[in-house]
Amino acid sequence: KEVFWAENDTNQHIENYPEFNMKVLLLLSVLQDTKKKIQMMKDYQDRLMETLADVLEEHFPLPTQETNADRRKKLNENLISLNKILELLMNKTLATPHHPYISIDETFWPPYTEMLLRYGIAQRHPEDCFKIRLETFY
């Protein structure tokens, strides 16, 4: 009801002041345009994240059973994918930019961590070698 009343009040105010009408219409069009652009960017980000997940799943699978099948099988159940590691890093960077480090534990497969460090995607904490963060890209 309150929204309806507010809308009616706004419509009456716009009808009473034609010069105000043009400013409001201009502002509404700018807001609608901005909303469309934000939605387009969100859709684009979703497509990028899906594509990244597909590429990582195809080219960087979790280790498979080779030798010592029982030990490798148990190890494989606890490991998280490279996609999940990157997602954790990105979320931590956005959530707490003043302290974007995540702790490395046994669920991180060491070759994934070393690859991220070697190619400059992640960086170790200067004092705690069991923490990494996403490298800043300018």
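This is a predicted model: local features need pLDDT of at least 70, side-chain atom pairs count only at pLDDT 80 or more; totals for chains, interfaces and linings use all residues.
1. Residues are numbered from 1 along each chain as its sequence is written, and side-chain values use heavy atoms, leaving out hydrogens and water.

2. The largest pocket comes out at about 160 Å³. A pocket here is an open set of points on a 1 Å grid over the protein atoms alone, where a 1.4 Å probe fits, with protein on both sides within 12 Å along at least five of seven lines. Points are joined across faces, edges and corners, and the volume is the space filled by probe spheres set on them.

3. Who lines this pocket? Gln45, Met49, Glu87, Met90, Asn91, Thr93 and Leu94 do (lining means an atom within 4 Å of a point). The elements giving two or more residues are α2 (18–59) and α4 (82–95), with α4 supplying the largest share, 5 residues. Helices are DSSP runs of H or I, at least four residues, and strands are runs of E, at least two, numbered from the N terminus.

4. On to the strands, where pairing takes at least two DSSP bridges. β1 (residues 102–103) runs antiparallel to β3 (residues 131–134) over 2 bridges, and Ile102 has Ile132 of β3 as its bridge partner.

5. β3 also pairs with β2 (residues 122–124), antiparallel over 3 bridges. Gln123 is bridged to Arg133 in β3, and a hairpin of 6 residues joins β2 to β3.
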